[in-house]
Number of protein chains: 4
Amino acid sequence: MIKVGIVGGTGYTGVELLRLLALHPEVKLHAITSRADAGTAVDQMFPSLRGLLDLLFVHPDEAHLETCDLVFFATPNGIAMQQAKALLDAGVKVIDLAADFRLQDIASWEKWYGMTHACPALVANAVYGLPEINREKIRSAQLVANPGCYPTAVQLGFFPLLEAGAIDTGSLIADAKSGVSGAGRKAEIATLFAEAGDNFKAYGVAGHRHLPEIRQGLAGVAGCDVGLTFVPHLTPMIRGIHATLYGRLTRDVDLQALFEKRYLNEPFVDVMPPGSHPETRSVRGSNRCRIAVHRPQGGDTVVVLSVVDNLVKGAAGQAVQNMNIMFGFAENTALNIVPLLP
Amino acid sequence: MIKVGIVGGTGYTGVELLRLLALHPEVKLHAITSRADAGTAVDQMFPSLRGLLDLLFVHPDEAHLETCDLVFFATPNGIAMQQAKALLDAGVKVIDLAADFRLQDIASWEKWYGMTHACPALVANAVYGLPEINREKIRSAQLVANPGCYPTAVQLGFFPLLEAGAIDTGSLIADAKSGVSGAGRKAEIATLFAEAGDNFKAYGVAGHRHLPEIRQGLAGVAGCDVGLTFVPHLTPMIRGIHATLYGRLTRDVDLQALFEKRYLNEPFVDVMPPGSHPETRSVRGSNRCRIAVHRPQGGDTVVVLSVVDNLVKGAAGQAVQNMNIMFGFAENTALNIVPLLP
Amino acid sequence: MIKVGIVGGTGYTGVELLRLLALHPEVKLHAITSRADAGTAVDQMFPSLRGLLDLLFVHPDEAHLETCDLVFFATPNGIAMQQAKALLDAGVKVIDLAADFRLQDIASWEKWYGMTHACPALVANAVYGLPEINREKIRSAQLVANPGCYPTAVQLGFFPLLEAGAIDTGSLIADAKSGVSGAGRKAEIATLFAEAGDNFKAYGVAGHRHLPEIRQGLAGVAGCDVGLTFVPHLTPMIRGIHATLYGRLTRDVDLQALFEKRYLNEPFVDVMPPGSHPETRSVRGSNRCRIAVHRPQGGDTVVVLSVVDNLVKGAAGQAVQNMNIMFGFAENTALNIVPLLP
Amino acid sequence: MIKVGIVGGTGYTGVELLRLLALHPEVKLHAITSRADAGTAVDQMFPSLRGLLDLLFVHPDEAHLETCDLVFFATPNGIAMQQAKALLDAGVKVIDLAADFRLQDIASWEKWYGMTHACPALVANAVYGLPEINREKIRSAQLVANPGCYPTAVQLGFFPLLEAGAIDTGSLIADAKSGVSGAGRKAEIATLFAEAGDNFKAYGVAGHRHLPEIRQGLAGVAGCDVGLTFVPHLTPMIRGIHATLYGRLTRDVDLQALFEKRYLNEPFVDVMPPGSHPETRSVRGSNRCRIAVHRPQGGDTVVVLSVVDNLVKGAAGQAVQNMNIMFGFAENTALNIVPLLP
C-alpha cells in the first residue's frame, strides 16, 4: 500500500487517474490538490465518483505531499518543473503527465513550449515513461516523464519498423486523429460541442508540440535523426486517437511477424491479425494500444494503424502502468479493464 | 465458481454481459451460442475482448447448456420462452434479458408482443428481477425476468412516491429519452448514424411495449391500477436513459428525505443532493441508477430525474446483479465499476 | 432594398442572421458590429461565409447604425435595452433577438434576468414577435421582441388547445430538449464536446428564464394565468428543439382537425398527419415548426410534439420573418429553405 | 425549363438531389422512381420536403423517363449501365451519380466492381463530370459520369501540383476521412449510430474502389501513371470529407500562388489563405471545395488539406453543377447556398 498524491485533479487526466486509482488495491489516495476548488468534494465536481471516492480537493499548501510515496502531476505544462525538485529531495517519486520533462533538449523544449525551463538539471535524470521501450529504466526511476497521447500511438506504431531498419528514416508521415478530450477540460470556443461536433479538421500543420517529442523517441531507436511530417486532426468523438503511419520500405520484411514478435510479451500492445482495421472504441477506457500493419497492393509503402485511448494509454493509464512498474506491483494492477463497447 | 452459458451473444446485451462476466471471479463462462456465427471467435466479432476472453460462438445444439448452473438469454423476444423449460427441468437457473416472462398477464403480453406465448405456465413462477423491490424473491428464484431499460429507470423513480401514497396514481407521466444502443445491434435504417445522429424524436407515442411492464410494476406498489402516459424518445448518444417523471402531489411530504430513506441501503441507487440534475454519463458503463427529486416553484407537481445506463442497470448489469443475489455472491461482485467520464 | 445593421455578429444567432441575410434580395447589409473583433473580416471568423459576404466587423461607435432602416440586436441580454431608444428616436426599426423586451412585467423581468431594466418605458410598445399570434401588430411595429427558442416551440404547440379551451390550464407540462447551440458561442466547460457529447441531462428544473415568457404567452391566449411545469434538457446535437407537451383534456375535441385548422394558412407551421413523430432534423436549417398531436390510448392526456431549429424559427429565422412582415416583403423571402437531411 | 427524372430517389444522393432541384428555377421534376416505394409520397419518406415537393415515387415502368430532357441515376452501381442506352438513344441526357461510367479501363472496372459491364461501348463517350478539369467536354456531353466523393476531394487537391510538375508522381499519399452518410442509406450494422458513433477507424486499406478512379484522374493530368497510397477512414460525423494529401516536392515553387492561380476562376473551389485549416462544416450543405496548402517546417513534403460535403460537391451538387453546364444555365443556379454553420 503506497501513499499517493495528485496535483491538479480537475482536468480530464486528473479524473481519469481517479477512476483508475479508486479501485487500485495497492494505493491509498492521500490528497488531490486544486487551488481554485479547495474544499469542494471531488464527487461534487465529478458525480461519476459518488460512492466510490470520498475526498475533498485540498489547497496545495495544506496537502503535505512530501509525505507521499508518489505524486502525479496532472497539471498544465510548466507546473511540475517548479514543484518536482522539492518532492524528489524529500524522497517522493514523481510522475509528470504534462510535458515538462519529456524533451532532453532544453532549448528545443523552451522553443516549443514558450517558457524558460525552471529546472533543467532534472531533465537528464527524468525517464521517458514508455514502458515498451524503457521498462527497465522506469523500474528504478525517481522522476518519470509520462508520454503525450499522440507520441504514444505514433511511436508504438513506428518502433518495430525502425528497430528493424526496414524503412527510410527520412520520409516518415504520421497522420493522426484525436478525440476532443485531448484538448483538455478548458473553457474554449473551438472545442464546444457546437463547434467540434459534426466537423473534422486538421490543426497545427505548421508545427505541433508533440512533433519534437515523437522525433526524439524515433531517433532514439533509429540511431539517427528522422524526417517526420506530423499532421494532427480533431475528430468528433470524445476519446481515442487513431494514428495512420506511412513509411517507405527499404527492404523486404515479413511485416506481420515483425510486429507480432516485437510486442509478443507486451501486456498492453495488441498486434491484430493481417488485414485488420483497429477501431478506437475497441480500446475505449482501457490501457491497450491496438496495431495493424498493411502493405497496400504490395507496394513499397507500409501503412501502420495504431489506436489508443488518449486518456488511458495516452495519459493516466500509462501513468498508472509506470507507477506499477516503479513500485513492483503487477504491471496490469487496476488496468485489467474491458473496453467499453459500444 | 459457477458454470454459466449465454444464449445469443452477438447483440449489445450479449457483449455487455461478456464485458462484465469476463472479470467475474465466481463465473466460468461455459458457452456462448449463436446460430449464425457458430465457430467464429467472440473476439473477432468484438475486438474489445481480445486478450480478455478466449471463446468461440457455438451452435446451440452443441452447447450442452443443461450442464450449466445458470443460463442467460440475451436473445430477441420469443426465444427464451421456447427453451427455458428444458433448462429449468434440468435444474439450471435462467435469467431472461428479453421480455418473455415480464408480464404476468398473458393476454396482455400476447397483445403487445404479437405472438402466442409458448410457455405461459412458467410465467407465474418467474420473478421480476428488480432487486430494489424483489430482492428476497430473487434470492430463491429459478427463473428471473430481467426488467426492461425504460421500466428500470421509471419504476425506481416512482416507487418512493407511490409507496408513500404521495401522488395521484391516475395522472403519472414518464417522458423518457434513450440512447440509440437501446434499439439493439440490428441492421436498420432508422438507427443509422446518419439518421439518428444530430437528431431527436419521440416514437411509439401511441403505445410502447414497456408501457404495460411499467404499469404492472407501479400498480404493484400502489396497490391499484395506475394511469400512466409514457413517451419514449431517441436521443443521439450511444448509452444512457434519462427518465423525467411527473406526478401530482396529493399531500405534503419531505421529498428528499423520502427518497434518501427509501434507497439508503441500496448499493446501486444513488439519491443526489437537492437541486441536482443527474447526467447519463455519470452512470456510463456502471450499474448505478442516479435520481434527483424536484418540486419546481413549490407547486404541486413533483419532478423526478432518473438515469441509468440502458445496457448495464437497464440490462446486463442488472442481470449480473440478479445472478449475484441468486447464487449468494456479494451483490456488487464484478459490478464495482467507476463510470467512464468523460 | 433596405439598409440593415446587426449589433453583435459573432455569436450563433449573429452568424445565422448572416447566413439568411446574405442571400436576401431586399437587404443591403450596412454594418455588423463587434467591440472585440472590430477590423476582422467576418469570413475570417466564419469561413463558411467566404465568397458570400465581404464585410469587416466594425466598432459600434463607427457603425452609423442610425442610418439604417432596421437594426437587429444579436447580443447578450441587457444590451439592446441600452441602445434601442436612440435608434428608435432616429426612426430606425429594431428587432431584439435577446430577452430585453419580451416580458411586459418589468418586475418579473428584473427578477429573472438579475438586472435593472434600463428602458422600461419601451417595453409596453414592444411587440412580441411571434407571427402566428401577433402578425398584424408586427406589421406596424417599431420595436420587436423576438421570442426565445423554447417559447416558440412550446407556445405554437399549446396555442390551439388553449384557444379552444380544450385543456386544463392549471396543469400544463412542457418537457423540452435542446441542442447545444442553444447555449450560445461562449467559452464554457459545460458545453464542451467532451462534456455535452454522449450525454443527456435536465437543467434549470427549479426555474428557467423562458418559463415566465412562455407563461405570459399562454396566459394571453388562455385568458387567465396558467400553471406550467417547464423542464429543459440538453441533448447531444448541434441544432434543434423538441418540445413534448402534456395537457389534460377537459372536453372531447377532434385534435387533428383543431391543429390543422389553426395553422392552415401559416407558412411556417406544419401540422403532420395523425400518428406522426416529427424529427428535429426535418426542420434543420429551416424556419419551419413541425407539430404532431397524439392522444395515447384514447385517455384524457393530450401529447403534442413540436420541433423547431432553435437558431432559425427559434431565433434568426423568426427575426427575418418579422423583418419581412414589418417591411412588407413576402413573408418567406430568403426563408424558402429546404431542411438539410441527413 | 427542362424536364428532369431521377432513377432511385430513396438514398442520400437522391434526397440531396431533391433538396437542390426543388428550388431550381429551370427544372421541372417529372418523375422519381422507386421499385420498392412506388406510390409512396416522397415527403412521407423525407418529411424535410413537406410543403416543398409534391410528388409520389413512381414505378420505373410507368415513369416515361424517355420524355425527359435529363435523367439522373442516383442508384447503386450496376443499374445505370443497364438503362442508360435506351435513354440516350431517345435523346435524353444522362448523369450517373454511381460508378458505372467512371473508369475508361473496362477490365479494371470489372475487377473493382465485381460485375461484367453491361454497356462497355458507352464508356468511351462518357465524360467524367469534374468541371474543374473537364468543363468544355461536359458542355456537350450526352452522358456524364459524376465523380465519387473521395475522388473529388483528392483530385482537386493534387491537380495544381501535378499540372506544375512540382511533386514526385510515384509516392502520393491520400489519407481521407469521410462522414458516415458516405456509406449510403442502407440497413447495415457497421454504420449504426451505436457502432460508428464515438469511434474512428480506417477501412479498405488493402484496396478501395475509389483508388483506380483517383489514379485515372491524376494520371490524366500528370501525363503518366502515378503511385498512390489511398487510406479511407470513417469518422463520426454525418456529412463531410477531409482529404489530407502528401507529396514530395521535386522543385521549389510558390505553393500558395500556384493553387490560387489554378482555381482563380472556379466558382466552387476556394483556396484559403496561407496557414489555414479548412473545416468540413465550412462547406456543409454547399457545393464548395475548400483547400489549404502547407509546407511544414519548410521541408520537401507538401501537405494539402481539401474538404467537401460528400453529398454535395461529392455527389448531388456536382451533378447539378454538371447539369447547369450541360444545359447552359448559370453554373451556380440553385447552388448559391450558404453552408450551415454551426
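The bend at a residue is the angle between two axes, one fitted to the seven residues ending there and one to the seven starting there. Keep that in mind for the first exercise.

This is a predicted model, where local features need pLDDT of at least 70, side-chain atom pairs count only at pLDDT 80 or more, and totals for chains, interfaces and linings use all residues. Residues are numbered from 1 along each chain as its sequence is written, while chains are lettered from A and ligands numbered from 1 in the order in which they are written.

**Exercise 1. Describe helix α7 of chain A: its span, its kink and its cover.**

Step 1: Find it. Helices are DSSP runs (H or I, at least four residues), strands are runs of E with at least two, and both are numbered from the N terminus. α7(A) covers residues 149-163, which is 15 residues.

Step 2: Check the span. The expected value is 1.5 Å times one less than the number of residues. From first C-alpha to last, α7(A) reaches 21 Å, close to the 21 Å expected.

Step 3: Look for the bend. There's a kink of about 30 degrees at A:Gly157, shortly before the proline A:Pro160.

Step 4: Judge the cover. A residue is buried if 20 or more other C-beta atoms (placed from the backbone) lie within 10 Å of its own, exposed if 12 or fewer, and partly exposed in between. In α7(A), 14 of the 15 residues are buried, so call the helix mostly covered.

Step 5: Step off the end. Just after α7(A), A:Gly165 has a positive phi of about 60 degrees.

**Exercise 2. Are C:Ala118 and B:Asp309 buried, partly exposed or exposed?**

Step 1: C:Ala118 is in the loop between α4 (106-113) and α5 (120-123) of chain C. B:Asp309 is in the loop between β14 (301-308) and α11 (312-326) of chain B.

Step 2: Count. C:Ala118 has 15 other C-beta atoms within 10 Å, so it's partly exposed. B:Asp309 has 33, so B:Asp309 is buried.

Step 3: List contacts, meaning C-beta atoms placed from the backbone that lie within 7 Å. Leaving aside neighbours within four places in sequence, C:Ala118 touches C:Met81 and C:Gln82. With that same exclusion, the contacts of B:Asp309 include B:Arg239, B:Val283 and B:Gly314.

Step 4: The C-alpha atoms of B:Asp309 and B:Val283 are 6.0 Å apart, although 26 residues separate them along the chain.

**Exercise 3. How are chains A and B related, and how do they meet?**

Step 1: Superpose. Using least squares on the C-alpha atoms of residues with pLDDT of at least 70 in both copies, a rotation of 180 degrees with 0.0 Å of shift along its axis puts chain B on chain A (RMSD 0.0 Å). That's the relation of a two-fold axis.

Step 2: Count the contact. 25 residues of chain B are in contact with 25 residues of chain A. On the chain B side, the largest share, 3 residues, comes from helix α1 (residues 12-21).

Step 3: Sort by class. Ala, Val, Leu, Ile, Met, Phe, Trp, Tyr, Cys and Pro count as nonpolar, Asp, Glu, Lys and Arg as charged, and the others, Gly among them, as polar. The chain B side has 14 nonpolar, 6 polar and 5 charged residues.

Step 4: Compare surfaces. 100% of the interface residues of chain B are also interface residues in chain A, so the copies meet through the same surface.

Definitions and conventions
Two residues are in contact if their C-beta atoms, placed from the backbone, lie within 7 Å.
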